[in-house]
Amino acid sequence: INARYSYQSRDQNLNLMIGQAAADKNLSDNWDYLQAAALYSEQRHDEAFEAFRAHAVKYPRSEKNEAVMYMISKLYLESLDEKDHSNVDADESETKLEEASEDKNKKWNAAFAAFQELMKRYPNGRYFNDARRWLGFLYKKNGDTAHAMAVYYSLLGHPTDRSVRLKAKFDLQYLGHDQTDATLDEVENLIANDPETALAYAYHRIYNHAVDLSYTEFQSWCCDGDNRWQQVQDENKRVSDLRNAGNDELERIARFATVMMKRHPHSRVSGGFVLRVAETQLELQ
């Protein structure tokens, strides 16, 4: 309760400051941005969205424009999770569901296009990597795991920003490392022309997935009691299946790294693909 009143007091003070601010044309874009941000802070998202859009039209060259575009993109994204609490009659349920699905697709496309436009306009901007990460999230939300992984691996391969790589590693872990061959085939096709991303993918698949499987150990504590013989058989099969899966993954990465080594012989990271082949062979003994 205290926190709620504290936020209300803060927002009231902010609105008072904005209202009493000196009429300086050079600062009007900043005050309008603060007003839009205050609306967002108050959870008045529809009003905040209109305020940010008005800002983008009124001040297209403002130093706040990148942040405005980012907030518009985020608000499109957040609208995807808005719940429809309207009552649906049994006879209208199918129509309502179709309309809801169409509306959701429109919002998804709007959010995706907004983040893409932000990245296009500010390729070296403060929010570029955040926008890329949200594109990965949108792919994931749409069930497109391969494209989501390709985006996250491109972030994992960032050559200079460690914080970007750590966030990408978290996203990949959340997405799950155990993927189908068809999904991984598509990922490899998507990243094949980007050596940095391909190198990050190869290393990550070796040491964040394959070795976890290929070094699976027999758990002796599993087998006790009257049915010990069957338990031992089941545990041996579990260990064998996981080790085989790990070896299959290592062989996949060896093939992929070999192809990348030939495709990018003069790349700055070409030696890294040679190293990945050596690492997979070492792990395969």
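Is Gln43 buried or exposed? Let's start there, since you have the structure up. This is a predicted model, by the way. Gln43 has a relative accessibility of 60%, so it counts as exposed, the cut-off being over 50%. Look for Gln43 in the loop between helix H2, residues 28–41, and helix H3, residues 45–58. Its backbone is worth a glance too: phi of Gln43 is near 65°, a positive value in a residue other than glycine. Most residues other than glycine have a negative phi.

Gln285 lies in the segment after helix H12, residues 270–283. With a relative accessible area of 84%, Gln285 is exposed.

Okay, let's zoom out. What are the elements here? Of the 285 residues, 38% are buried. And if you take contacts between residues at least 6 apart in sequence, 63% of them join residues at least 24 apart.

Now the inside. In soluble globular proteins, nonpolar side chains tend to be buried together. Here, the largest nonpolar core has 58 residues, and those with the most contacts inside it are Phe52, Phe115, Leu138, Tyr153, Val187 and Tyr201. Helix H7, residues 145–156, gives the largest share of this core, with 9 residues.

Let's pick Phe52 and see what surrounds it. Which residues does Phe52 contact, leaving aside neighbours within four places in sequence? The list is Tyr33, Ala36, Ala37, Tyr40, Val68, Met71, Ile72 and Leu75.

Phe52 also turns up where H3 meets H4. The axes of H3 and H4 come within 9 Å and cross at roughly 145°, and that crossing is left-handed. On the H3 side you'll find His45, Ala48, Phe49, Phe52, Arg53, His55 and Ala56. They meet Asn65, Val68, Met71, Ile72, Leu75, Tyr76 and Glu78 in H4. By class, this contact of H3 with H4 has 9 nonpolar, 3 polar and 2 charged residues.

Helix H4 covers residues 65–79, helix H5 covers residues 93–121, and their axes come within 8 Å and cross at roughly 160°. So what do we call that arrangement? Angles over 145 degrees count as roughly antiparallel, and H4 and H5 are therefore roughly antiparallel to each other. Their crossing is left-handed. From H4, the residues involved include Met69, Tyr70, Ser73, Lys74 and Leu77. Among their partners in H5 are Lys107, Ala110, Ala114, Phe115, Leu118 and Arg121. This contact of H4 with H5 has 9 nonpolar, 3 polar and 5 charged residues. Notice Phe115 in there: that residue is also among those with the most contacts inside the largest nonpolar core.

One last stop, and it's a glutamate. Find Glu235 in helix H11, residues 228–263. Is Glu235 buried or exposed? Glu235 has a relative accessible area of 7%, and under 20% means buried, so buried it is. What does Glu235 touch, not counting residues up to four places away in sequence? Glu217, Phe218, Gln219, Cys222 and Cys223.

Definitions and conventions. Residues are numbered from 1 along each chain as its sequence is written. This is a predicted model: local features need pLDDT of at least 70, side-chain atom pairs count only at pLDDT 80 or more; totals for chains, interfaces and linings use all residues. Side-chain values use heavy atoms; hydrogens and water are left out. A nonpolar core is a set of buried Ala, Val, Leu, Ile, Met, Phe, Trp, Tyr and Cys residues joined through side-chain atoms within 4.5 Å. Buried means under 20% relative accessible area, exposed over 50%, partly exposed in between (1.4 Å probe, protein chains only). Helices (H or I, at least four residues) and strands (E, at least two) are DSSP runs, numbered from the N terminus. Contact means heavy atoms within 4.5 Å. Axes are lines fitted to C-alpha atoms, for helices over the stretch in contact, and angles run from 0 to 180 degrees between N-to-C directions. Angles under 35 degrees count as roughly parallel, over 145 as roughly antiparallel, 65 to 115 as roughly perpendicular and the rest as oblique. A crossing is left-handed if the near helix is turned anticlockwise from the far one by less than a right angle, and right-handed if clockwise. Ala, Val, Leu, Ile, Met, Phe, Trp, Tyr, Cys and Pro count as nonpolar, Asp, Glu, Lys and Arg as charged, and the others, Gly among them, as polar.
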